[in-house]
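Please open the model in your viewer and keep the sequence panel beside it. The stops below each begin with a selection and then say what is to be found there.

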Amino acid sequence: MTETTISFTPAEIAQQNQGNVTAFILTSIAFQHAHGASAEEYVQFVGQKFAPGWEDLKHQPPVEVARAATRNFVACGAVLQRFTADENRADVVLIGWPAEEDLIFFGLTRATVAPFYNIFAPIADYLGLHYEWHQAGDEVTMTFARSWP
């Protein structure tokens with residue numbers, strides 16, 4: 001056998017990472033669903049575990065927290081449709097995650113994956129912000145705010 005040197009481009013690695021992260025998230029949700037467990041409780045647990053990792057954003061405006069949250073979803077394959085912000089509030093509209101073929105592969109629906117968007121609720125609480133999201137088809141709107149009007 002001959003030793004061969006191989007290398008991967010940053011784009012190849014990024015694409016593989018994107019697929020792996022999405023697969024891990026969807027597999028976790030599928031596992032919860034298959035075992036009759038609550039995806040909501042799982043997502044709450046994960047969000048609480050991740051929250052201290054966002055410490056550097058604790059006193060930042062909502063726009064910075066929304067940027068970080070958006071970066072996480074875009075890294076999974078979501079497409080940023082719209083991002084609006086002022087000093088007290090940031091609204092993010094994402095589309096395309098998870099892809100329909102991924103939902104089919106893992107035997108999931110948008111409704112079974114929807115609880116995952118709550119992952120930022122405990123993080124926002126930790127940071128002293130309010131968070132909400134809503135979904136219409138494959139479009140998800142996330143809002144981070146200092147306070148609700």
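Select strand 1 (residues 79–85) and strand 2 (residues 89–95), and look at the hairpin of 3 residues that connects strand 1 to strand 2. Strands and helices here are DSSP runs, numbered from the N terminus, with at least two residues (E) for a strand and at least four (H or I) for a helix. This is a predicted model, in which local features need pLDDT of at least 70 and side-chain atom pairs count only at pLDDT 80 or more, while totals for chains, interfaces and linings use all residues. Residues are numbered from 1 along each chain as its sequence is written, and side-chain values use heavy atoms, with hydrogens and water left out.

With both strands still selected, follow the antiparallel pairing of strand 1 with strand 2, which is made by 6 bridges; two strands are said to pair if DSSP finds at least two bridges between them. Within this pairing, Thr84 has Asp91 of strand 2 as its bridge partner.

Strand 2 is largely enclosed by the rest of the structure, because 5 of its 7 residues are buried, where buried means under 20% relative accessible area, exposed means over 50%, and partly exposed lies in between (1.4 Å probe, protein chains only).

Next, centre the view on Asp91, which lies in strand 2. Which residues are in contact with Asp91, leaving aside its neighbours within four places in sequence? They are Arg82, Phe83, Thr84, Met142 and Thr143, contact being defined as heavy atoms within 4.5 Å. The side chain of Asp91 makes a polar contact of 2.5 Å with the side chain of Thr143, and another polar contact, of 3.0 Å, with that of Arg89. A polar contact is a pair of N or O atoms within 3.5 Å; within protein, one must be able to donate a hydrogen and the other to accept it, and residues adjacent in sequence count only if both atoms are side-chain atoms.

Keep Asp91 and Arg89 displayed, since their side chains also meet in a salt bridge (3.0 Å, N to O), a term that requires a side-chain nitrogen of Lys or Arg within 4 Å of a carboxyl oxygen of Asp or Glu. Arg89 counts as partly exposed, at 30% relative accessibility. How many salt bridges does a search of the whole structure find? The search finds 3.

For another of these, select Glu64 and Arg67, whose side chains form a salt bridge at 3.7 Å, N to O. Both residues belong to helix 3 (residues 62–76), and because they are 3 residues apart, about one helical turn separates them. Glu64 is partly exposed at 31% relative accessibility, and Arg67 is likewise partly exposed, at 46%.

Then move to Arg110 and Glu100, where the side chains meet in a salt bridge of 3.6 Å, N to O. This pair links distant parts of the chain, with Arg110 in helix 5 (residues 110–113) and Glu100 in helix 4 (residues 100–106), 10 residues apart. Is Arg110 buried or exposed? At 19% relative accessibility, Arg110 counts as buried, whereas Glu100, at 43%, counts as partly exposed.
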